[in-house]
Amino acid sequence: MEKLLVLLIVATALLSLTFATTINCKKQKAKEKAINKLGIESDEYREWRYVPACSDKDEAQWKPQQCQVHKNNKRLKQCRCVKSDGTPITKFTANLNNPKICTSNNCDDAAVVRDYGYEMLVADGIMVDAFYFPSCQRRNRKKWTPVQCMEGMIQSCWSVDVKTGERLPDSINN
């Protein structure tokens with residue numbers, strides 16, 4: 001009974017942390033606009049102008065791609081991919097400027113996003129035991145190889161649709 005109570009307390013704490021970290025896009029947009037207006041003498045001044053892009057359907061949700069532009073040169077642009085709650089999947093980089101890269105079904109695009117996601121985890125000091133890097137066909141980088149595998153301490157493979165990369169329902173884990 002005591003273990004169950006401890007488990008319930010831990011689960012409740014984790015749930016509260018999960019919902020506490022969700023950031024409303026509309027509120028963050030207002031905050032970032034205020035920061036962008038600050039002068040160079042301010043402590044919060046940034047070289048890059050960033051305004052969150054909110055979903056058209058629900059302003060609390062985030063668009064998959066978020067971009068920032070340099071204040072002195074509008075042609076310099078960096079983007080990152082985020083989840084719908086605003087949690088970053090990658091850091092800002094110029095290699096993610098393609099508007100559809102964060103939601104693309106192309107294997108090559110997905111591989112770039114996953115690579116930058118892995119780089120972000122390692123840069124943040126997170127120890128990664130196993131990670132999934134998409135495997136693309138050699139002659140057509142837009143298509144996926146029929147079998148995808150997770151690399152690292154955990155070895156697991158599954159079958160996917162070669163056009164979309166979606167896991168097939170009858171795939172077998174090894």
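Reader: Among contacts in the protein chain between residues at least 6 apart in sequence, what percentage join residues at least 24 apart?
Author: That's 30%. Keep in mind that this is a predicted model.

Reader: How much of the chain is buried?
Author: Buried residues account for 26% of the 174 residues. The chain exposes about 12200 Å², and carbon and sulfur atoms supply 56% of that.

Reader: Let's talk sheets. In what order do the strands of the open sheet come?
Author: The order is S1-S2-S3, with antiparallel pairing. S1 (48-50) and S3 each have a single partner strand, so one side of each has no neighbour in the sheet. On average, neighbouring strands there are turned by 30° against each other, direction ignored.

Reader: How many bridges join S2 to S3?
Author: Five, with S2 covering residues 65-70. Take Gln65: its bridge partner in S3 is Cys81.

Reader: Which residues in H3 are buried?
Author: Cys107, Asp109, Ala110, Ala111, Val113, Tyr116, Gly117 and Met120. As for spacing, an α-helix has 3.6 residues a turn, so residues three or four places apart point the same way.

Reader: And what covers those buried residues?
Author: The cover includes strand S3 (77-81) and strand S4 (130-131). Just after H3, by the way, Gly125 takes a positive phi of about 85°.

Reader: Now aromatics. How many aromatic pairs are there?
Author: Five in the structure. In one of them, Phe131 and Phe133 have ring centres 5.0 Å apart and planes at 55°, so that pair is tilted. Phe131 is buried at 10% relative accessible area, while Phe133 is partly exposed at 31%.

Reader: What about Tyr132 and Trp158, buried or exposed?
Author: Both are buried. They form a tilted aromatic pair, 5.1 Å centre to centre with 55° between the planes. Tyr132 sits in the loop between S4 and S5 (147-152) and Trp158 in S6 (residues 156-159), so the pair ties together parts 26 residues apart in sequence.

Technical notes: Residues are numbered from 1 along each chain as its sequence is written. This is a predicted model: local features need pLDDT of at least 70, side-chain atom pairs count only at pLDDT 80 or more; totals for chains, interfaces and linings use all residues. Side-chain values use heavy atoms; hydrogens and water are left out. Buried means under 20% relative accessible area, exposed over 50%, partly exposed in between (1.4 Å probe, protein chains only). Helices (H or I, at least four residues) and strands (E, at least two) are DSSP runs, numbered from the N terminus. Contact means heavy atoms within 4.5 Å. Two strands pair if DSSP finds at least two bridges between them. Axes are lines fitted to C-alpha atoms, for helices over the stretch in contact, and angles run from 0 to 180 degrees between N-to-C directions. Accessible areas come from the Shrake-Rupley method with a 1.4 Å probe; for residues, only the protein chains shown count as cover. Rings of Phe, Tyr and Trp (its six-membered ring) pair if their centres lie within 6.5 Å; planes under 30 degrees apart count as stacked, over 60 as edge-to-face and the rest as tilted.
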